[in-house]
Amino acid sequence: MAGGSNLLTDTAIKAAKTRARLRDGNGLWLNVSNAGGKSWVFRWATGGKAREVGLGAYPGVSLAKARELVAECRSMIANGLDPKSERNKTAEPTFAECVEKFLAEKEAEWSNPKHRAQWRMTLGPAYCSKILNMKVSQITGNDVLSVLREPWQSKPETASRLRGRIERVLAFATFKGWRSGDNPARWRGNLQDALPRQDKSKRGHFKAMPYSELPAFMEALKSRPANAARALELLILTVSRTKNVLEMRWDDIDFERKLWTIPLAQTKTRKEYLVPLSNAALNILQNLMVGRYSAYVFPGQRRGKGIHEDVPASNMVLEMLLRRMQVTNATPHGFRSTFRDWSGDETSFDREAIEFCLAHSIGGKVEQAYRRSSAVEKRRVILNAWANYCQNIEGSKVVKLHG
């Protein structure tokens with residue numbers, strides 16, 4: 001064919017991170033989604049009309065395997081067959097194959113690469129080795145139990161997520177017509193009666209610094225000149241998530257209204273979220289503004305080069321800062337718990353407004369439909385009080401607040 005064939009390499013495929021369509025030749029293309037998901041497509045023309053058929057997701061379907069499938073498709077065409085119709089007759093997949101098909105369709109919805117990696121890891125050999133090679137219609141409740149029994153008490157949180165993910169993959173298989181009947185990974189009225197009650201004391205939680213230690217920690221943090229320290233200060237003062245702080249752009253800040261807008265693509269609720277900025281938070285941003293050189297407030301840099309790029313800082317910079325400070329009783333995310341303990345123990349602020357400070361959804365879907373305001377001004381009062389507390393000298397008393 002014109003233009004050559006076997007143009008792609010695994011190295012080039014792995015390096016592709018943004019939306020693109022990469023050509024290998026002989027009608028084989030690799031589609032790369034905005035979220036970095038990759039899937040194979042075979043394209044051909046018949047009667048002057050362009051046609052295409054999916055061949056599966058990469059890396060579940062390797063480059064070599066995709067080329068084999070293209071050869072099969074071209075053989076079908078030579079014999080007067082329609083590759084798409086023939087592919088639709090594909091035999092029922094194994095659980096491992098079904099996982100790949102499910103992820104190929106769902107991964108684009110997940111903006112967090114870590115989230116996608118967790119799905120792949122838990123549904124792979126690490127936990128699901130006993131069912132990976134089973135046809136999806138053959139998987140029973142006992143098979144699911146064989147996967148869950150070992151981690152159910154030792155890693156309860158992981159096991160609970162694993163059960164839910166297996167349930168979704170098998171529901172996908174039912175939708176595709178590969179299995180029928182009840183879902184063997186369903187919890188209520190099913191596994192609920194077969195698995196023992198979990199030991200909740202073993203559930204993982206982010207380490208959270210006691211709020212009584214926070215003012216002294218903030219003083220130590222202020223003395224450090226690195227931008228990572230400013231990012232952690234801002235994270236604590238706004239009780240925000242690491243990803244949101246490190247992906248903050250200057251265009252997201254309204255200095256006049258003292259507001260930070262977190263775009264909907266970065267929120268768990270997929271709704272734009274406004275964060276009122278205390279004077280302390282605003283002061284940090286104004287000082288950083290003086291030397292800005294990137295669209296990001298906390299820009300990253302090319303590894304080993306020291307050359308700054310227009311990308312956000314790595315999500316590990318705050319963890320590494322805490323390690324350098326020899327802080328062992330806290331994680332960046334844990335400071336949200338520190339705030340929640342302080343606001344619950346030491347203030348009489350409205351619980352709903354406190355939860356809104358943490359960007360938590362309040363009430364059921366009906367209540368959320370009617371409760372569209374996110375209490376920005378109430379939250380401003382709370383976060384100003386929190387900033388005042390964070391800036392107290394060591395040993396100062398926590399004053400009961402009313403609002």
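Modeller: Two strands count as paired when DSSP finds at least two bridges between them. Helices (H or I, at least four residues) and strands (E, at least two) are DSSP runs, numbered from the N terminus. The model is predicted: local features need pLDDT of at least 70, side-chain atom pairs count only at pLDDT 80 or more, and totals for chains, interfaces and linings use all residues. Residues are numbered from 1 along each chain as its sequence is written, and side-chain values use heavy atoms, without hydrogens and water.

The sheet is open and has four strands, ordered E1-E2-E3-E4, with antiparallel pairing. Strand E1 (20-25) and strand E4 (49-58) stand at the edges with a single partner strand each, so one side of each has no neighbour in the sheet. From one strand to the next, the twist averages 30°; axes are lines fitted to C-alpha atoms, for helices over the stretch in contact, and angles run from 0 to 180 degrees between N-to-C directions.

Nine bridges join strand E3 (residues 38-46) to E4 in the antiparallel sense. Opposite Arg 43 is Glu 52 in E4. Helix H2 (residues 63-78) packs on the sheet and touches E1, strand E2 (28-32), E3 and E4, contact meaning heavy atoms within 4.5 Å. The direction of H2 makes about 20° with that of E3.

Elsewhere, look at Ile 236: leaving aside neighbours within four places in sequence, Ile 236 is in contact with Leu 214, Phe 217, Met 218, Leu 221, Phe 335, Trp 386 and Cys 390.
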